[in-house]
Structures are given as C-alpha cells and as structure tokens.
Amino acid sequence: MIAVSACLLGLNCRYDGGDKRDEELLKNIECTRIAPFCPEVNILGAPRESIDLFETKYGIKAIGSETSKDYTPLLENEAKRFFVAYPDIKIFYLKSKSPSCALCSAKVYDEDCNLLNQTATGVFTKKLKIWYKRAKFIER
C-alpha cells in the first residue's frame, strides 16, 4: 500500500479549495492500493487559512496566516492517527512546498516574516519519518 497527498490525487483539499492533480503520478500508481491523506483538511477543512512555518525559540511551528494559531500539535496528532490507521505504508508521495507534507522544500520564516530557508520538512512528514523508518518518501 502507498500513501499519497490527497491534492496530488485531484481532491479539492488545498487551503484555497483547489487541488494539485498530478496526472503523471496517477498513471504510475494505477492499480495500486492508495491511502490518501491531507492533514490540514482534516483539521481545518477547505477552503481555509493558509499555514506557514516559522522558526521560534521552541523550534519550527506551523502558524495560521490569519489567526496566528499554532497548528503544530494538531498536525503532529494527524501523523500519529495516520500511522495507527495505516502502519504498513511502504511509499509516500508528498506535496512539495507544503508546510505539512513537504519532504525538503517547505519555506521557513523568522518572526518578522523574513525567509530563512526553503528546504525544510513539513510538520506532518517530519513525524511520519520517525514512525515509518523503512518507507520511501518521494516529493512531487
């Protein structure tokens, strides 16, 4: 079984209510059992406020753009919930640049909204990598 960011499958789960359907990926995973996931839509629905990663004195946090709410614990809980539901995932296809799902392309800002780097791992994926030690992670 593989896991795929739901927006890559064409599900309208992004912050703006849209998707990032990846036709090439869909052709490559035909006839495969898929566990779709979108930790942000499970917490906030869609459309919703966007989330950005900020470096704080407590580490990198996922902060809502409108409410300034820290969604980090909720995203980490979603990772745990996913692991409990699907402990045997072998491959993850992750949405690039996502503050939740990115493997190595999420942007991180300082408290003044200055870009610090754009090679971070999303909060959800960071936790998944701890529990799925043998899985392959692929960013799209």
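Predicted model: local features only at pLDDT ≥ 70, side-chain atom pairs only at ≥ 80, totals over all residues.

To start me off, is Tyr109 buried or exposed?

Modeller: Tyr109 is buried: its relative accessible area is 19%, and the cut-off for buried is under 20%. The structure holds eleven aromatic pairs, and Tyr109 belongs to one of them, with Phe54 as its partner. The centres of these two rings are 5.9 Å apart and their planes stand at 40 degrees, so the pair is tilted. This pair links distant parts of the chain, since Phe54 sits in strand 3 (residues 51–56) and Tyr109 in strand 6 (residues 106–109), 55 residues apart. Phe54 also counts as buried, at 14% relative accessibility.

Now let us turn to another pair, Phe83 and Trp131. Their ring centres are 5.9 Å apart and their planes meet at 25 degrees, so this pair is stacked. Phe83 is part of helix 3 (residues 72–85) and Trp131 part of helix 4 (residues 123–131), so the pair ties together parts that are 48 residues apart in sequence. Both residues are partly exposed, Phe83 at 24% relative accessibility and Trp131 at 31%.

Phe83 and Trp131 also belong to a cluster linked by ring pairs.

Terms used: Residues numbered from 1 in each chain as written. Heavy atoms only, no water. Phe/Tyr/Trp six-rings, centres within 6.5 Å; stacked < 30°, edge-to-face > 60°. Helix = DSSP H or I, 4+ residues; strand = E, 2+ residues; numbered from the N terminus. Buried < 20%, exposed > 50% of the residue type's maximum accessible area, 1.4 Å probe, protein only.
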